[in-house]
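Welcome! Please take a moment to look over the sequence and the 3D structure before reading on.

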Amino acid sequence: MGDIVHALPVLASLRAEWPAARIDWLVERRHASLLQLVDGLAQRVAIDTRRIVGPGGWLETIGALRR
């Protein structure tokens, strides 16, 4: 969760520099609700990093990113 809080100024800077850019955020599922409070994101992609073990977990994550 601390990484999210520390990265919020980066989001604000990106949005200020490129207001029309599409910005998505890959976030751990257990912290995804925090990003619901953040404006300026097109999409929040929530993943469960505890399930990314082995090829199946990575394929599931790649599928979520492609969707």
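Here is a short tour, from the overall fold to the core, the surface and the charged residues.

## About the model

This is a predicted model, in which local features need pLDDT of at least 70 and side-chain atom pairs count only at pLDDT 80 or more, while totals for chains, interfaces and linings use all residues. Residues are numbered from 1 along each chain as its sequence is written, and side-chain values use heavy atoms, with hydrogens and water left out.

## Overall fold

The protein has three helices and two strands, arranged along the sequence as α-β-α-β-α. Helices (H or I, at least four residues) and strands (E, at least two) are DSSP runs, numbered from the N terminus.

Of its 67 residues, 24% are buried. Here buried means under 20% relative accessible area, exposed means over 50%, and partly exposed is in between (1.4 Å probe, protein chains only).

## The nonpolar core

Nine residues form the largest nonpolar core: Ile 4, Leu 11, Ile 23, Trp 25, Val 27, Ala 32, Leu 35, Val 38 and Leu 41. At least two of the core residues come from each of helix H1 (2-17), strand S1 (24-28) and helix H2 (32-35). Such a core is a set of buried Ala, Val, Leu, Ile, Met, Phe, Trp, Tyr and Cys residues joined through side-chain atoms within 4.5 Å. In soluble globular proteins, nonpolar side chains tend to be buried together.

Let's look at one core member, Val 27. Beyond its neighbours within four places in sequence, Val 27 is in contact (heavy atoms within 4.5 Å) with Ile 4, Ala 32, Leu 35, Val 45, Ala 46 and Ile 47.

Val 10 sits in helix H1 and is partly exposed, at 49% relative accessible area.

## Charged residues

A salt bridge (a side-chain nitrogen of Lys or Arg within 4 Å of a carboxyl oxygen of Asp or Glu) links Arg 22 and Asp 24, at 3.1 Å from N to O. Arg 22 is exposed, at 58% relative accessible area, whereas Asp 24 is partly exposed, at 38%.

Glu 28, in strand S1, is buried but has no salt bridge, and the nearest side chain of opposite charge, Arg 30, is 4.2 Å away. Lys and Arg count as positive and Asp and Glu as negative; His and the chain ends are not counted.
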